[in-house]
Amino acid sequence: MKTVIRKILPLSLLFFSVLSMAQYGYGSRYGGYGRRSSIPQAQTPEKEPEKLTAEEIVEQEMPKIIETLALDPFEEAIMRTTLVNSVKKRMELQILNLEPQKMREEFKKIQDQQEKELKAGLPPEKYQIYLDMRENPTKTKRKQKKKKKKSKT
């Protein structure tokens, strides 16, 4: 009988200690003892931001361009059409994934074509403002709205 108790007692202690660890866990890394799921949590991959179309890209930029250049509706249409066509061509080139030197040459051709179309469609002063805006976007002078100063009387 003593031999049976000597064999069963350590086995039962081992069994209950393993059972209690399985039930309550080893403790969380944040302190305390909590239950953990035995099912591993699959990490959901972050969704890549949806790629914008050429029209959407141009739509995001047009308000700034219209405000800076003070475009009338006709000039705005020319600007929008030209920019959409250029952005589409650039997107197509990126899909082709050409070698870097060839890519630069093609981008340069697209840029030259875009400038040619804009120069033909915009008045010279607005075209020059556009070129300045493209080279130094932060330093471009925008139309300032005049604010009326209220006097303290």
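## Cover over helix α2

In this predicted model, the buried residues of α2 are covered by elements that include α3 (73–96) and α5 (124–135). The residues of α2 that are buried are Ala54, Val58, Met62, Ile65, Thr68 and Leu69.

## Geometry of helix α2

Helix α2 comprises 16 residues, 54–69. At 1.5 Å a residue, α2 should span 22 Å, and the 21 Å between its end C-alpha atoms therefore agrees with that expectation.

Just after α2, Ala70 adopts a positive phi of about 55 degrees.

## The largest nonpolar core

The largest nonpolar core contains 16 residues, and Ile65, Met79, Leu83 and Tyr130 have the most contacts inside it. At least two residues of this core come from each of α2, α3 and α5. The greatest contribution is that of α2, which gives 5 residues.

Which residues does Met79 touch, not counting residues up to four places away in sequence? Met79 is in contact with Met62, Ile65 and Leu69, and also with Leu71, Leu118, Leu122 and Tyr130.

## The pairing of α4 and α5

Helix α4 (residues 100–121) and α5 have axes that come within 10 Å and cross at roughly 150 degrees. This crossing of α4 and α5 is right-handed.

On the α4 side, the residues that meet α5 are Gln111, Gln114, Glu115, Leu118 and Lys119. Their counterparts in α5 are Tyr127, Tyr130, Leu131 and Arg134. Leu118 and Tyr130, which take part in this pairing, are also touched by Met79.

How values were computed
Residues numbered from 1 in each chain as written. Predicted model: local features only at pLDDT ≥ 70, side-chain atom pairs only at ≥ 80, totals over all residues. Heavy atoms only, no water. Helix = DSSP H or I, 4+ residues; strand = E, 2+ residues; numbered from the N terminus. Expected span 1.5 Å × (residues − 1). Buried < 20%, exposed > 50% of the residue type's maximum accessible area, 1.4 Å probe, protein only. Contact = heavy atoms within 4.5 Å. Core = buried A, V, L, I, M, F, W, Y, C linked by side-chain atoms within 4.5 Å. Axes fitted to C-alpha atoms, helices over the stretch in contact; angles between N-to-C directions. Left-handed = near helix turned anticlockwise from the far one by under 90°.
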